[in-house]
Amino acid sequence: MPLCSARAELLPMKAHFFLFNAGTAPIVPFMPVYAKQLGFSSALVGTIYTILPFTGMLTKPIVGAISDRFRCHKLLFIASIVITIVSFFAIMYIPPVEGQLLGEVHCAPAYTHLKFCPPPNRTDRYMVDKVMAEHKDNTSITCKMECIGTPEFTTEVCSVWGFKHYCSTTQPSSNFIALAQAHALKDPNIGKTAVIKSTTTPAPVTSLQDLKFEGALQPYHTEQFGGCLFIRMTGVRDLTSNDYQNEIAPTCRRPVHTTCKLACDSPALADIGEDRDLETPVVHYQFWALVACLILSWMGMAAVVSIGDTLCFGLLGDRPGDYGYQRLWGSVGWGYFAIIAGLLVDMFSNGLVVKNYTPVFYLMAVILILDVVAASRIKQTEHKQSLNILKDVRKMLMNVRILVFLLWCIIVGMCTSLIWNFLFWHLETLAKGNDVVWLKTLQGAIMAVQCFGGELPFFFISSWMLKKIGHVNAMSLVLFAFGVRFLLYSILVDVWWCLPIELLNGLTFGTFYATMASYASIIAPPGTEATIQGMVGAVFEGIGLSSGSFIGGLLFFYMDGAVVFRMYGLIVLSLCCIHICVQLYLGRHGTSIASTSGKEFNHSARYASPNDAISMLGDHNELTNS
């Protein structure tokens, strides 16, 4: 069926696929890095994305049963789009979690500087570039500091800086000293000497106390040594004195240093240096608000995809093979609006490291409201229900080749989740200089290359490819492509070179999905196609994507992204060799699958765009029953 020709009743369906994917494209791919900006670690993000696929798995049968029982497919369809709009839009109002920003003030006769040593899981090679990118006009950074008044440091503050009221005070210190001591035990790079001394010094005139002052930092005097950042401090003001307006140049007669708690007007410093523990943000309401909104949005999207496919197959009638031509418009919408979303975020962020996502939330709402209008014009037709074929499915699962196929689906799901959830995370770590300014534009372009350069070409050649090389060889090819793709990510230095790498998405997702769907169609006994497709999708999504998100989140928390991708690449290439050997062994020993339905290749096997993991469960309904 030509792309330009369409039956009139299918036009609203095409519009829905285009608008729904266009509306979710500005939000879904950016959500992991948006969660990072809110203050959540990769481990927590991975945990969230471990839960989300299960919500889709549970939502589809429940919504399907309700819509079938009460014949309210269209009503639930529109209501689910509205739920998606509201839940995504509410995320915009979740404030970031305030992390603990600690540093050391090192005062010397020549100059004073502030030393940051971010937690190991937050350190990257381009911290200086990110600070400089935010202050291209050479504006200073203002930090309010609450420091431990060790005897040595307090003496210099009193006699050299001229903050006389610290000279003879005996005020007790705050809980910050205990906080800094605990922090030093966890991270020995920060405040080790100062904190150890503070626990053993007697308390005469120079007893431990809080020193409160405001410092002016000069970003263009910023250097990075190892995992620490050093920024020149050119001025200080006493926050507890009436002479606040008098700024002095901080120097000391001899080198001294102390640990300070900081509140700076630089989002880049906060993003780099805030200590965000693995478990601490869980106690904040922001975490649970984000989880609730994401669960609701995933439930809404799962219901939209499931019911939408049911309505589409009902309209197609005896031509289910034309389903791909309807879904194609979803890929077009996703690709175009991913680019637009990236551009909008960068334009409204004015070069800042902390991005402004407000415009994409409004863009999502407007497009999905238009989708509600399109959905209201879709005609609802009666559809047949699947049969209960549990006995046939159990018999089919006894075949070794099918078990190998399901294991392959799990492995590919784990690999796919690493790209979907943590590729952008890795790129944000690698970004430097001007890359930071246009980072979201780059990420949008990556999604476009994945769709237009990878998916769509393989959408058209998947049938020919599978007939030429066969499903088993295609499975091995997918694993090989994943291994190469991961290894290329691991050696990436310039983030813009990620664009040509994304052409491999045609093999790693396009070929995979076509192989998975058509192979499942071949092995399915007559009348069990929908059940088998749902089961395969559940294995890919419920086991592969979920476990991959959890493992990937933990690895990114404790290891550098390049190391994670290199490790995944080597493991997947090894699994590719094992898969080839197993299939050769099974072939030589007569273990084969007879197509119980007599199908050699199902040309109408469903194909989807990368955001459609949630659409894989049960979305093949009536593909062969109409």
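Colleague: Which pattern do the disulfides of the chain follow, with bonded cysteines counted along the chain?

Modeller: A disulfide here is a pair of cysteine sulfur atoms within 2.5 Å. The pattern is 1-8, 2-7, 3-10, 4-9, 5-6, and the structure holds 5 disulfides. This is a predicted model: local features need pLDDT of at least 70, side-chain atom pairs count only at pLDDT 80 or more, and totals for chains, interfaces and linings use all residues. Residues are numbered from 1 along each chain as its sequence is written, and side-chain values use heavy atoms, with hydrogens and water left out.

Colleague: Is C167 buried or partly exposed?

Modeller: Buried means under 20% relative accessible area, exposed over 50%, partly exposed in between (1.4 Å probe, protein chains only). C167 is partly exposed at 24%, while its partner C158 is buried at 13%. Their S to S distance is 1.6 Å.

Colleague: How many residues of helix α2 are buried?

Modeller: An α-helix has 3.6 residues a turn, so residues three or four places apart point the same way. In α2 (residues 31-38), 7 of the 8 residues are buried, including M31, Y34 and L38. G39 follows α2, with a positive phi near 115°.

Notes:
Helices (H or I, at least four residues) and strands (E, at least two) are DSSP runs, numbered from the N terminus.
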